[in-house]
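Open the model in your viewer and keep the selection tool ready. The tour makes two stops.

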Amino acid sequence: MRARDEILRTFQHADTQFPSGAFAFSQGLEALSQQQDRLGKFDLWNFLYAQIVHRWASSERVVIARAYRLGSDLNALAELDAEVEASTISEPLRIGSRRNGMGLLTSHERIGTPHASAYRSMVRNGKALGHVAVAQGLLWNALEIEEDDAVLMSGYQSAASLTTAAIRLGLIGAIDAQAYLAKILPVITEESCSPISDNEPLRAFIPLSEIAISLHGATGQRLFSN
């Protein structure tokens, strides 16, 4: 049985209230929900499912697992960072990921997490990009959170941040958000069981979201950065 402090530490860093700046991003949710006249009827469940299965499971989950296996090799992590950059087609999604990663690194530097300050310096000096999944893998590993737990944490945070964004946009209420979360958690569990090799390629296929984000950039005021 794991020590209780390990379980509580996992809860702390899985909490979406942990300061990382992720609240400013909706991964295309705002854009799609407001572009129905051009892109067709919006369905929140289909959006949530696609983000988990076709983005998180095949990209962010893979990055976290690979980052874990690189341990504290910051130069190797910087190479993985560059791979994330190259595999993310949408510029707003690339920028959002880097901003989230820098926010997470900054918070962890302030609370003294090992390697946070060194990798943040590499990002500031242009030697690394600081994508959020790379930062999560580095930092959660440094906190001695198990790799499997880190993958589940990432999946939960991805889903929870999207349902929270839907609440802020007025698409659903808080009770509905919990129902969506309950429905997507088994999907996260299933996807998290797929094996990941040390050189697993990064793949994401969310074309409708990327198109909506591109169109959204030309609109007026918006709540989220992407």
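Start at the second largest pocket, which holds about 220 Å³ of space. A pocket here is an open set of points on a 1 Å grid over the protein atoms alone, where a 1.4 Å probe fits, with protein on both sides within 12 Å along at least five of seven lines. Its volume is the space filled by probe spheres set on the points.

This is a predicted model, with local features needing pLDDT of at least 70, side-chain atom pairs counting only at pLDDT 80 or more, and totals for chains, interfaces and linings using all residues. Residues are numbered from 1 along each chain as its sequence is written, and side-chain values use heavy atoms, without hydrogens and water.

Select Leu32, Asn46, Phe47, Leu208 and Ser209: of the 16 lining residues, these are the closest to the pocket centre. Lining means an atom within 4 Å of a point. Now colour α4 (44-70) and α11 (207-216), the elements that give two or more residues to this lining. The largest share, five residues, comes from α4. Helices are DSSP runs (H or I, at least four residues), numbered from the N terminus.

Next, select α5 (residues 74-87) and α7 (residues 116-124). They pack at about 50 degrees, with axes 11 Å apart. Axes are lines fitted to C-alpha atoms over the stretch in contact, and angles run from 0 to 180 degrees between N-to-C directions.

Show the side chains of the contact (heavy atoms within 4.5 Å). From α5 come Leu74, Asn75, Leu77, Ala78 and Asp81; from α7, Ala118, Tyr119 and Met122.
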